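Could you walk me through this model, chain by chain, and then show me a few places worth a look in the viewer?

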Amino acid sequence: MKHLLCASLLATAVLATLSGCNSADETVVVSQPLFKVGQAVSTKTPLSGPVKGTLQSDSTYRVGGDVYVNAGDTLVIQPGAKVYFPGGTGQVYSFIVHGTLLSLGTQAKPVYFTVPTAVKTDTYGADPTADPAYKGLWGGIMGETDCKNIILKWTHIEFGGGKLGTSPVTYLANGANSYPLTNANPDAIVVLEDSWVYGSVDDPVRAFGGRYNIMRNTFEKNGFTSGESMNIKSGSVGNFAYNLIVGSATNGPKASNNGGKNPQTSFLFYNNTMVACGYRRAAAGRGGSLNIEEGARGGFYNNLMVNCKYGPRVVGATANYSGNALVVADTANLRYSNNYSYVDSVAIANQIYPVGFATKPQTSDVPTPSSFLPTGYKPGQAYDGSAVVGKNNPMFVNFPLPQTTRRLSDVSVVNTFNFRLQSASPALGKGTTSFSPASVVPVSANFGSTEITLPSTDMGAFPANGKGNQH
Amino acid sequence: MKLLLYAFLLLAAATAQAATLRGTVTDGKTGEPLIGATLQLMKNGTATRYGGVVGLDGQYHINDVPAGSYVLRAQYVSYQTVEKAVVVGAGLMTTDFALPEASRDLAEVVVSGSDREGDRSVRKAEQKADNVLNIIGAKAIQLLPDITVGNVLQRISGVSVVRNATGDGQFAVIRGMDKRYNYTLVNGIKIPSPDNKNRYVPMDIFPADLLERLEVVKALTPSMEGDAIGGAMNMIMKSAPNHLTVSATASGGYSQLFSSQPFSGFSTAGTQFKSPSELHGNQYAAQPSDFSVKPLQYRTVSFPVNGLFSLSVGNRLLNRRLGFMLGGSYQHTYRGSNSLFFRLNGQPGPDPVANTPIFEMVEKRTYSNEQGRLGLNLKLDYVFNERHKLNLYGLFMQLDDKQHRNIYGNQLTQYGDVSITDRSVFRRQNVANVTLQGDHKLTDRLTMNWSAVQSLAISQTPDWVDQSLTYRTAPDAEGKPVASAIYIDPVTHYWTHNQDRDLTGYLNLTYALSPSLELATGGLYRAKNRSNFFNDYTLATVLPGGDRQVFAGIDKAIFSFRPESYAYADSTNGNNYTAQERIAAGYVQAKVTLPNQLQLLGGLRAEQTQQAYDSQIPVTATGKSGTISYLDLLPSLHLKYPLSSRANLRLSYFRGISRPGYFELVPAMFPGDYFSEQGNYALKHTVADNIDLRYELFAKNNDQLLIGGFAKNIKNPIEYGFNQFTNNTYVYVPLNFGTAVNYGAELVFAKYINQWGVSGNYTYTHSRITTSKRVYGRDASGNIVNSIENQTRPLQGQSDHIANLSLIYKSVAHGFDAQLSWVYTGRRINIVSPYKDLDYWQRGTSQVDLSAEKRFGGHFSVFGKFQNLLNNPVIVEVMKPNNLGNLPEQTRPDRILVQKDAFGQTYILGLRYRH
């Protein structure tokens, strides 16, 4: 009896605990109103000129000219809204942000900046000279020198980066190539999260200063015959992490401190997966995964590079590449380790540590430097990398390695591939968490980053804990 | 009795050895020696073989004259011939002549002096001038080794030149004041510039042999346009002579440079002067077939011979009422240079110290320029009567410059990419001017002078093409460099043209209140329209499939527009703009001569400026178009005190302005990798107060001594600096920087002893300006930061010391002239760097030239001009410690050589005919 009493008391206590000690009330879960500012913008007239307020959820907006978010104004784009550019000759329109632009897509309802009439040609090995991804059918989302915020979450940015007519911003020339996402104010907050950047003529993301969190995105077909997924200039600080980059023309991210702005370029590049980058550079080879040059500082860790033309490149001495200077990085303030390379050819095996550059092999790198570098190896020295061809297969869920496409460069989109790691992958647990991400943007549902994902010991953008890239 | 005496003398002479005749020939009115006057001994009405010429010392000598009775005839152009009977005995005999000026109809209206081109009248004009100026006459120019006005300018006191890529003077720096602070006149009329952005005129357009005189005016009077602070260059073209004059030259030449490097030129036959968008409209999608590869097909000219021709004909007709002078000059020259160029990165390094220069590559630049320089000059004057005269001037100048620049980019490190860059630029520049001018003596005291002027300056670069090839050197397993295949990079074609059309009317009234007081008033109105056109097309060389293209000859290259949007013209390029300018000016001026001979000339000039522009910046930005207007009141006072009939003391004050360049106001943004450049509509014009003091001595025989000093206080000088654009963004813009000072001293001298002469000048200049510059370095915690600091330095182009020295030999008797000339330009800032302490300094340079002329057969002469005898290079340096000792030409530990240009010697031999 005493036992029974105890048992029933215990059961009651458990129930009370589970029901929140308030079992008499209903449990109610309702949807919250979508974040909104000002007036709803009508879908009836094409967007053009100054616009503020809210682009409504699931609505389609057509762009009929350059769109300006004036200083002090805010434009919110609700989940599922689509912004359609016309894509015709002489219709390279842009969003120019002096104030605040918030594109708040969700996993279920992403926002689109695209050209609806453009048809993706995503067969492997398709001719890039005939690919609409590289035509530049609209301009970009451009933060002016007085921009406050550009927050892009779960947003598709496709077919942008076209040649401008009259430039709508002060920092790009008339007739220049634009960039699908760019900002020139070092004080602006720029967040690109869980988004997709598809195509562009040159760099899809160009940072002329700003405070950045570029996280958990997928970059495809970036740059026609040159271009990095993110090209960072002076005045820029932040993180570039958990991004999947496939078939970038030159590098994934590149950091430099040129441009004359303060503060010094300082970026952390971690847990990115880069596949088949560096093959569309028409001018001389300038890199194919990650590049740190001209006074840039920061670090790179836990990056997984598969069949990229060059491994991470640290510029350690001044050299010249087709009229472009390569000037020494701020090597005294640059840290890196635990980067993972897989290569299918001797030519790129010989460039895991790029010849002529200053990248120092780290014992934590994969493949282990001592397994293929000669004794007494000095950074920049030529070596025979044939021993590591086809070694350390990271075992993606769906991306056959050795690569089965005709050429390594034929892969420029994700399509049906899946770059998550199989449970037996040797890339699991090879990383480091010995550093802290930059916290230069606020964590906020609307005005900042949803989450600044901490580093993982699993290499690449898809760690086993599921906290990485959600695509 | 007299006859007996003669007979006796004759007898005595016959038995004597021989005699020497000597003496002077002078202007009957002024007593000036007439150098070059000829003397001829006549016997029984026919010329003997004895004669002489007045030398530089003003004397003639006729040696070994047999005793006898002669007539000695003295002659000089535009003077009456004078004959004197002489009976020659033994020993030395002195006979002096004073020649009256030739009497002629309307003499005082037609010409104010005789022989306007000679040294004598030039010196006289300098002495008589109301203000401080220096003149070089056609006779002196003829003997110079220079064939363009740009090069002649460097011979003038206080003037140094900025050279073009082939080493020829292009712009003048006057007393340390850069080209923007000076203006150019033709026959006293300001001419527009074919430059696409600025108002200064490239002086290498003008052939030197059309000039009667070149004046450099260093102090402005109220009647002169007020926008010069350094000075005004006035090219006075040859004007109608008093009798039929024909002169012609033909010469050939060679540049030594092309004995060691080939002349590599290209053909411009069939060049399309209009871009595809001009031919077919802005909506036209250009085809690769619209673009010619001909400019990139280089051909070697195995023995490039220069040809130079000039012809001028002048006379007075219709009872001497109509005078004309038609001059033409054509120079076809092959020029070039080779240059070693250390290319600096656009941003210095922060280590080990801030602003440590970083070098990208060593470039070997080779220039081959084929130039056609055509000048036509027509001067007509019609004299209705003593009171009324009309002049019509016409001028047409054309400089065609076909430049091939080849750059071999040999990089500083052993491995990496090597690029070979070729650029073909065909630039045609024209300056044309028509001036109708009237001189009217309305009453005995009141004269009126008016001019109606239309000028046009055009520059065109049809189909400028840039092309580069790249290959990569990588180490093999043993570390040996291995070169890759050569790839062709994208090719860019540019079309640019700009024009400046200028309509101006001038009116001047002069009223002589008394012989010692003259009042003048007048003004001008100018309407100027400028337009600029810029188009470029970049042709991709990427192959279908995305592969790079291996270079197999330019004619086999495959071009395409990728992305396709590149096939459309970039008609919005920021270089497209239009500008207008309206200037209205008026002045009052008085000239008083006090009883003590002190001459005062002074007055006030008012200039109202109205400028307007329209640019390509968007309507959403500030300053797409704009108008700017301002009024300047420009007082001046010029005192001239004749210490003697040969010496003056001058004291001048004037206020001058300098207007910003047309494009400097246009806020078009030109983003660069390291900083963006932009125009600035808030730019103020420069105003300067100038003082001159000069002592002048014009001795006999063209000897000369000028000693003077000057000082300038320059308000709002225009230089480039960093301007804060927003909180964290700076742009590099033309800005006004407070007040700059510039002072100095000048010395000019000429001394002739018999056939020998030495002339020269020396100018000392000191200027200082403080501008904002960027510093790229580390802060205390090791972060790299950009900051702005001020730096004080001399004005761009100002040399502390510039000098000329010439040794002249003129033997009138042998008909032989020769001149050895040395020009020195002291070290100066060539390029002002946006970064502190990284200005480009040109080392002090010397040039030595030789020229000679020998007359024969009365009307002919042969001449030679030999330039740059020592082949002295132009060297440019950055004054920072040098750790590039292992690289070529880096010989100094305390400075870094960034450019070394060599131009080689040039030779010209020619024949001159003059009647």
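This is a predicted model: local features need pLDDT of at least 70, side-chain atom pairs count only at pLDDT 80 or more; totals for chains, interfaces and linings use all residues.

Let us begin with chain A. Its secondary structure consists of 2 helices and 33 strands. For its 471 residues, a compact globule would have a radius of gyration near 23 Å, and chain A has 24 Å, so the value agrees with that expectation. Buried residues account for 64% of the chain. Among contacts in chain A that link residues at least 6 apart in sequence, 71% join residues at least 24 apart.

Chain B is built from 7 helices and 50 strands. Here the chain holds 915 residues, for which a compact globule would have a radius of gyration near 29 Å; chain B has 31 Å, so this value agrees as well. In chain B, 58% of the residues are buried. When contacts between residues at least 6 apart in sequence are taken, 69% of those in chain B join residues at least 24 apart.

The extents of the C-alpha traces and the surface values are set out here.

| Item | Chain A | Chain B |
|---|---|---|
| Span along principal axes | about 80 × 70 × 45 Å | about 115 × 60 × 60 Å |
| Accessible surface | about 16200 Å² | about 35600 Å² |
| Surface from carbon and sulfur atoms | 54% | 57% |

Now for a closer look at one strand. In a regular strand, side chains alternate between the two faces of the sheet. In strand S11 of chain A, residues 155-158, Thr155(A) and Ile157(A) point one way while His156(A) and Glu158(A) point the other way, and all are buried.

Which strands pair with S11(A)? One is strand S8 of chain A (residues 111-114), which runs parallel to S11(A) and is joined to it by 3 bridges. Another is strand S14 of chain A (residues 196-198), also parallel and also joined to S11(A) by 3 bridges.

**Asn231 of chain A**

Is Asn231(A) buried or exposed? Its relative accessible area is 3%, so Asn231(A) is buried. The residue sits in strand S18 of chain A, which covers residues 230-232. Leaving out residues up to four places away in sequence, Asn231(A) touches Asp203(A), Val205(A), Arg206(A), Ala207(A) and Lys254(A).

**An open sheet in chain B**

Finally, turn to chain B, where an open sheet of 5 strands has the order S9-S14-S15-S12-S13 with mixed pairing. Its edge strands are S9 (133-137) and S13 (189-190) of chain B, each of which pairs on one side only. Within this sheet, strand S12 (residues 182-186) and strand S15 (residues 231-237) of chain B run parallel and are joined by 5 bridges. To find this pairing in the viewer, look for Thr184(B), whose bridge partner in S15(B) is Met233(B).

Key. Residues are numbered from 1 along each chain as its sequence is written. Chains are lettered from A and ligands numbered from 1 in the order in which they are written. Side-chain values use heavy atoms; hydrogens and water are left out. Helices (H or I, at least four residues) and strands (E, at least two) are DSSP runs, numbered from the N terminus. The radius of gyration is taken over C-alpha atoms; the globule rule is 2.2 Å times the number of residues to the power 0.38. Buried means under 20% relative accessible area, exposed over 50%, partly exposed in between (1.4 Å probe, protein chains only). Contact means heavy atoms within 4.5 Å. Accessible areas come from the Shrake-Rupley method with a 1.4 Å probe; for residues, only the protein chains shown count as cover. Two strands pair if DSSP finds at least two bridges between them.
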